Amino acid sequence: MNAIAPVGRSLAPFEARLDGIEDPIRHAAVGELRRVGLPGPRVEAWRYTHLRPLAGHEFREAAASFDADPVGRALDESLPRDGLLASTPRLVLVNGRFAPELSSPANGVALPEGVTFERFSASPEFDALATPEREPLVALNTALATDGVRLSVAEGVAAERIVLVSVACAGDEAVSFHPRHSVSLGAGASLELIELAVSSGSGAGAATYFHNPVLTCDVREGAKLTHVKVQKEAAGATHLATVYANIAARGAYDSFTLGLGSDLARHEVHARLSGAKAAVHVNGAQLLGEKQVGDITSVITHAAPDCISRQTIRNVLTDHARGVFQGKVHVHQIAQKTDGYQMNQALLLSPHAEIDAKPELEIYADDVKCSHGATVGALDDEQLFYLRSRGVPEAQARRILVEAFLLEVLDLHEDEAGRALLDTALGAALSLRIGREQVPGQAAGEVSE
Amino acid sequence: MSDFLNISGLHARIDADGAPKEILRGVDLVIPPGEVHAIMGPNGSGKSTLSYVLAGREDYEVTSGAVSFKGQDLLAMEPEERAAAGVFLAFQAPIELPGVNNANFLRTAVNAVRRARGDAELDAVGFLKTVRAATKKLSMSDEMLKRNVNVGFSGGEKKRNEVLQMTMLQPSLAILDETDSGLDVDALRIVADGVNALRSPTFSALVITHHQRLLDYLNPDRVHVMARGRIVHSGGAELAKEIDVQGYASFLAEAA
Ligand SMILES: Nc1ncnc2c1ncn2[C@@H]1O[C@H](COP(=O)(O)OP(=O)(O)OP(=O)(O)O)[C@@H](O)[C@H]1O
Ligand SMILES: [Mg+2]
């Protein structure tokens, strides 16, 4: 076994499940994990986000059976019943396992033509895009993945959209699940993946569980993958997700992540622009309160000329919440005419809230345009006073300003269906963290022609 | 004594980088109902500060004096309560609200004020009808309603947007802080029309200005000169014309 004790955190929370793994890829991942351990604060990439909440638990594999009622309720509450989303094909996982009875086509909506779907469990293959040897959480996923979805869109097919929902249904026992998803788009294909992670409130109080998904996205020449993610898991949850995207020439991976839930969350994206004129957007927003920690980490590699990368992140932090943004842009020597932009902004609404930001630019090409910036501030007193002087009560004025700050980045996401999900989730989170709207039905955008 | 607006012995200061700076040094001013008063005075004399203190801006600390408005202690009220009570301030430099749609902002404000005054709120249709009528009267394009509040507005557009808000909120005391500055002749006329449209025995206006022109349209009942944080001289409409010709030198000497 291991001669040297790992430098990182102990694997004890998972140890019982790591023994006796035989599949060679999984076995190698376990070996890697045993060598390095779970990342501790001295690992540069995990300096600001500590995995302490995982310690002291023994995470068991979640049972395959679940209580249908709370899961059904969680789905109903999170997905609007009408509008575009209701008629969008959906794939539902409960505790990391695909639930065919809750998914298309069983729910009456067919998967789009030209899209192939397969469960990971049907033929567990690990996509080469992921790098378990570099990311311990991907190694953990590789070792313990039991299910997930595998989607491929045939060349030239415009597949519209698919909703991917993860419902956690944890009870009194700490469980973890490590779904493995992959999406591949043939040349010229397009798809919007609308991802939603929620918890169903079954047990009393906050159930402890750990959600550790890995998603790989293979975007071929001229294809476009749009990816919207809303993470609103319950207190007690730890959500550590890793996304890998490889974007070929003229392809695009356009993503938006909205982080609202979990005690501890990280959305980590590794995007590689591997062909000329490819584009990647890693936009996102977080609205956190209490003692939540939310981390958005990205590593964007420009490995071909004439590519574009865009990152606009906005954080609203109340109470003792802490936001983390780490953004690395790596421009290879070949990647001339790179156009990179990165902006991280935070609104701190309490003296105890905190944002940690670490931008990193590593540029080896000489003809590039890369800018990055960050702002941190409180609500603007003049703006608050302006609203109040027009009769708007203070609490409502605060909500209007916070919402405006976040809507400016949500506006980067144009698709109506994904936007509906973002707006619904954000509205609920604003009511919880900032204060209710004074007048029901007076949401932004309502006054129109 | 009138029971409309009564400012007496008002002192206010601001914390300027740790050191208190006294700006208002004993303002006395009475505005009876139904009247339009103008305040003129050199730059930095405290006109905007007075308007902010009346509207309830918290940065300014009132150290002594009192303000009663329709029999209520204005200084004890929150800014939103003052708005509900009928105070409206058109800002010298209107604030930009990125991400806040102008129409939504107006509707939120109008309904907040209506709610507080015990009036029925306007639904989307009722609001649109009212706001359309108002923009038409002010020769404003509806396009400005779709934009974010004051963001990217020209100086004149911002001022018009203030007048639109005033029209929609139906105040009983309108304080216009240099709403006429930077306006073209037509816009000036519109501002004056906006104020004149509100005129009634229960409406008063306090118009801060550097120019005679707006006052020609408004025909104020009284003109006051403010210098070094005090009202140092008051007179009729003819005072504005005098100032236009002579400047403030004689009043400053008086105040010193
Ligand atoms: N926030 C502040 N911090 C420091 N000094 C201030 C502040 N606000 C106002 N002052 C000072 O108070 C004085 C009065 O300012 P105020 O804006 O009231 O003048 P004003 O009469 O409106 O001038 P203008 O005609 O130029 O608009 C000025 O000297 C100004 O610099
Ligand atoms: Mg001024």
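Modeller: Start with the charges. This is a predicted model. Three salt bridges are counted between domain 1 of chain A and domain 2 of chain A.

Colleague: Which side chains meet in a salt bridge at 2.8 Å, N to O?

Modeller: Those of Arg314(A) and Glu408(A). Polar contacts come next: seven residue pairs between domain 1 of chain A and domain 2 of chain A, both partners at pLDDT 80 or more.

Colleague: Which elements give two or more residues to the side of domain 1 of chain A that touches domain 2 of chain A?

Modeller: Strands of chain A: E9 (190-199), E12 (224-232), E14 (252-259), E16 (279-288), E18 (308-317) and E20 (339-348). E16(A) gives the largest share of that side, six residues. By class, the side of domain 1 of chain A that touches domain 2 of chain A has 19 nonpolar, twelve polar and seven charged residues.

Colleague: Where do the domain bounds fall in chain A?

Modeller: Domain 1 covers 64-378 and domain 2 covers 379-439. Their centres, taken over C-alpha atoms, are 24 Å apart. In contact are 38 residues of domain 1 of chain A and 25 residues of domain 2 of chain A.

Colleague: How is the size of an interface often given?

Modeller: As the accessible area lost when the parts come together. Here domain 1 and domain 2 of chain A bury about 2400 Å² between them, with 75% of it on carbon and sulfur atoms.

Colleague: Which three residues supply 24% of the area that domain 1 of chain A buries against domain 2 of chain A?

Modeller: Phe256(A), Leu287(A) and Arg314(A), more than any other three residues. Arg314(A) is also the salt-bridge partner of Glu408(A).

Note on methods
Residues numbered from 1 in each chain as written. Chains lettered and ligands numbered in written order. Predicted model: local features only at pLDDT ≥ 70, side-chain atom pairs only at ≥ 80, totals over all residues. Heavy atoms only, no water. Domains from an automatic or database assignment. Contact = heavy atoms within 4.5 Å. Buried area = accessible area lost by both parts, 1.4 Å probe. Salt bridge = Lys/Arg side-chain N within 4 Å of Asp/Glu carboxyl O. Polar contact = N/O pair within 3.5 Å; in protein donor to acceptor, adjacent residues only side chain to side chain. Helix = DSSP H or I, 4+ residues; strand = E, 2+ residues; numbered from the N terminus. Nonpolar A, V, L, I, M, F, W, Y, C, P; charged D, E, K, R; others polar.
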